[in-house]
Amino acid sequence: MRDLGVGFGYLVKGQRWVGAHGRWLGFGLLPGLVTLVLYAAALVGLFYGADDLTAWATPFADDWSSPWQGLFRSFLTVLLFALVLFIAVITFTAVTLLVGQPFYESLSEAVDRSEGGDVPESGLPLWRDLWISARDSLRILGRVVLYGVLLFALGFIPVVGQTVVPVLGFCVSGFFLTEELTAVAMQRRGIQLKERLPLLRRRRLLTLGFGVPLTLAFLVPFVAVFLMPGAVAGATLMARDLTGENEGAGSGAGAAAGRAGSPVPGGTAPAPDRSGPTAGVPREW
């Protein structure tokens, strides 16, 4: 249970870091503001065109009598808005990180530099980094949608659907939100998605301690924009813990592992002897 507090501590430390480095806070806000404007424009366009879109998609209802036609199409319009809002919530972080890739990568490097030791660099051109980020984000989005459909179905179970399922939903969202944020630092270390997920699963309480409070905060309008810079900074600090760089900072072992792209198990509990970072780790979430 201690890892829950440690994960939340990294979130707080990240916000404090950008608060103490105001220049990075200002730079880090730009991608979130750009993404927010784009999303707002899309939602406004949907608001004015939703009725026409629903009518175009349901020509079979043109001859329905009142009030059934209006009720049916109004229901579909509300359903469309709910779907778009759900997609907007689960994709906002990924799109913001993609739009602000150069900003957040520089921010992550500055955090690493402030912690001492070498600053890992991917060595890839910007277009390649953007491609990897977009590809990984789509893979994560697919997992989120799959879990979302499953949890939606479980929500119809009496009692459990109104108590346990929402908690699981926040845990799933927090886990994958943490993955998106730590990807900025881990991608610079050459750690791919198939390696990042086992690292996060191994320290699941740490991951949830960071991601779940952030998910809850992101539910408040506009909060995500202002918390994103600190979230990236905190995720970088947590990535150093996950790869063992915090423990190996004095000897340089963690930095060497970061350059080689081989995750070194770190954290509060010693890792068992394994042949690789994913050995013996359950494949399910």
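**View 1. The largest pocket and its lining.** The largest pocket in this predicted model has a volume of about 1,500 Å³. Of the 49 residues that line this pocket, Leu85, Phe86, Ala88, Val89 and Ile90 are the closest to its centre. Helix H3 gives the most to the lining of the largest pocket, with 15 residues. When the lining of the largest pocket is sorted by class, 41 residues are nonpolar, seven are polar and one is charged.

View 2. Rolling a probe the size of a water molecule over the atoms shows where empty space is left. The structure holds one cavity of 30 Å³ or more, and the volume of the largest cavity is about 150 Å³. Its lining is made up of 13 residues, and those that lie nearest the centre of the cavity are Ser133, Ser137, Glu180, Ala183 and Gln187. Helix H3 (68–99), helix H5 (126–154) and helix H6 (160–188) each supply at least two residues of this lining, and H6 gives the most, with five residues. By class, the lining of the largest cavity divides into five nonpolar, four polar and four charged residues.

**View 3. The crossing of helices H2 and H4.** The axes of helix H2 (residues 22–57) and helix H4 (residues 101–115) come within 9 Å and cross at roughly 150°. Because angles over 145 degrees count as roughly antiparallel, H2 and H4 are described as roughly antiparallel to each other, and their crossing is left-handed. On the H2 side, the residues in contact are Trp24, Phe27, Gly28, Leu30, Pro31 and Gly32, and these meet Phe103, Tyr104, Ser106, Leu107 and Ala110 in H4. The contact of H2 with H4 has eight nonpolar residues, three polar residues and no charged residues.

**View 4. The crossing of helices H5 and H7.** The axes of H5 and helix H7 (residues 193–202) come within 11 Å and cross at roughly 50°, and the two helices are therefore oblique to each other. The contact is made by Asp136, Arg139, Ile140 and Arg143 of H5, together with Leu193, Arg196 and Leu197 of H7. Sorted by class, the contact of H5 with H7 has three nonpolar residues, no polar residues and four charged residues.

Notes
Residues are numbered from 1 along each chain as its sequence is written. This is a predicted model: local features need pLDDT of at least 70, side-chain atom pairs count only at pLDDT 80 or more; totals for chains, interfaces and linings use all residues. Side-chain values use heavy atoms; hydrogens and water are left out. On a 1 Å grid over the protein atoms alone, a cavity is a set of points where a 1.4 Å probe fits but cannot get out, and a pocket is an open set with protein on both sides within 12 Å along at least five of seven lines; lining residues have an atom within 4 Å of a point. Grid points are joined across faces, edges and corners, and a volume is the space filled by probe spheres set on the points. Helices (H or I, at least four residues) and strands (E, at least two) are DSSP runs, numbered from the N terminus. Ala, Val, Leu, Ile, Met, Phe, Trp, Tyr, Cys and Pro count as nonpolar, Asp, Glu, Lys and Arg as charged, and the others, Gly among them, as polar. Axes are lines fitted to C-alpha atoms, for helices over the stretch in contact, and angles run from 0 to 180 degrees between N-to-C directions. Angles under 35 degrees count as roughly parallel, over 145 as roughly antiparallel, 65 to 115 as roughly perpendicular and the rest as oblique. A crossing is left-handed if the near helix is turned anticlockwise from the far one by less than a right angle, and right-handed if clockwise. Contact means heavy atoms within 4.5 Å.
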